[in-house]
Amino acid sequence: MSEEPSGYEPLPLPHRRGLGDAEALAAVEAFRDLMRQRHTVRDYETRAVPEEVIAAAIETAGRAPSGANQQPWHFAAVADPEMKAKIRAAAEEEERQFYAGGAGDAWLAALEPIGTDASKPHLTDAPWLIVVFAQRYGVNPDGSRRKHYYVPESVGIATGFLIAALHQAGLSMLTHTPNPMKFLNGLLNRPENEKPVMILTVGHAAPDATVPKAATIKKPIEEIMSVHRGDAERKD
């Protein structure tokens, strides 16, 4: 988007999924069951993944809602082994400082059941890395800045779309957030207005892949959902 659109022009709703209640329940339960099979994976096959699959997943992410429809995101897909090696080297340097004390005792204790350390071989083993950038502001053709709204929320929603699409494709992934991540702008030639927020490693899980037992424990529905019914809907 090179400039902000002006004027409001309503269009008829272009797509409508008219599911009945039973169909809706069946559809959402099927999707829930699919997402129950999603696991964060650190062990990958070197088997290639077609670029078309990655592009379709990123295109899905681009359909996410965003503040004022500014779409403040960019996804840099990296398959080049040399570039992946550079990203891994820079990320591991940051991670060594993190695990050497930069994180603090409480954070490191929280990570202990996950079994992570400063070594990140998945960054070179996985056939693809997708680096998620948040555009803190837009840039008009004349070089002036254009304000973006609800950037973290918008990018978070788009990343969720992306993860779900990759899982739909039968791929595994890991969300990696070295801190700081500014080195990614230089390596991937991204502009100053973009802030790297996450690296997704993407590929096929290795035959001997494992996951931490702690990561399989999810909060039950009773802990993550509260329902506020009107008086007419309350049951005795």
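**View 1. Valine 131 and the strands around it in the sheet.** Valine 131 faces isoleucine 199, a residue of strand S6, across the pairing of the two strands. The model is a predicted one, in which local features need pLDDT of at least 70 and side-chain atom pairs count only at pLDDT 80 or more, while totals for chains, interfaces and linings use all residues. Residues are numbered from 1 along each chain as its sequence is written, and side-chain values use heavy atoms, with hydrogens and water left out. Strands S2 and S6 run antiparallel and are joined by 8 bridges; two strands count as paired if DSSP finds at least two bridges between them, and the element names refer to DSSP runs numbered from the N terminus, helices (H or I) having at least four residues and strands (E) at least two.

View 2. Contact here means heavy atoms within 4.5 Å, and the angles, which run from 0 to 180 degrees, are taken between N-to-C directions of axes fitted to C-alpha atoms, for helices over the stretch in contact.

**View 3. The largest nonpolar core.** This core has 24 residues, and those with the most contacts inside it include Ile54, Phe75, Leu162 and Val202. A nonpolar core is a set of buried Ala, Val, Leu, Ile, Met, Phe, Trp, Tyr and Cys residues joined through side-chain atoms within 4.5 Å, where buried means under 20% relative accessible area, exposed over 50% and partly exposed in between, with a 1.4 Å probe and protein chains only. Two or more residues each come from helix H2 (51-61), strand S1 (73-78), strand S2 (128-135), helix H6 (151-168) and strand S6 (194-203), and the largest share, 7 residues, is that of H6.

**View 4. Helix H6 and its cover.** H6 has 18 residues and reaches 26 Å from its first C-alpha to its last, close to the 26 Å expected at 1.5 Å a residue, the expected span being 1.5 Å times one less than the number of residues. Among its buried residues are Val151, Ala158, Leu162 and Leu166, and what covers the buried residues includes helix H1 (21-36), H2 and S1. Just after H6, glycine 170 takes a positive phi of about 80°.

View 5. Arginine 88 forms a salt bridge with glutamate 92, their closest N and O atoms being 2.9 Å apart; a salt bridge is a side-chain nitrogen of Lys or Arg within 4 Å of a carboxyl oxygen of Asp or Glu. Both residues lie in helix H3, 4 residues apart, about one turn of the helix. Arginine 88 counts as partly exposed at 22% relative accessibility, whereas glutamate 92, at 12%, counts as buried. Glutamate 95 and lysine 120 also meet through their side chains in a salt bridge (3.6 Å, N to O). Glutamate 95 lies in helix H3 and lysine 120 in the loop between helix H4 (105-111) and helix H5 (122-125), so the pair ties together parts that are 25 residues apart in sequence.
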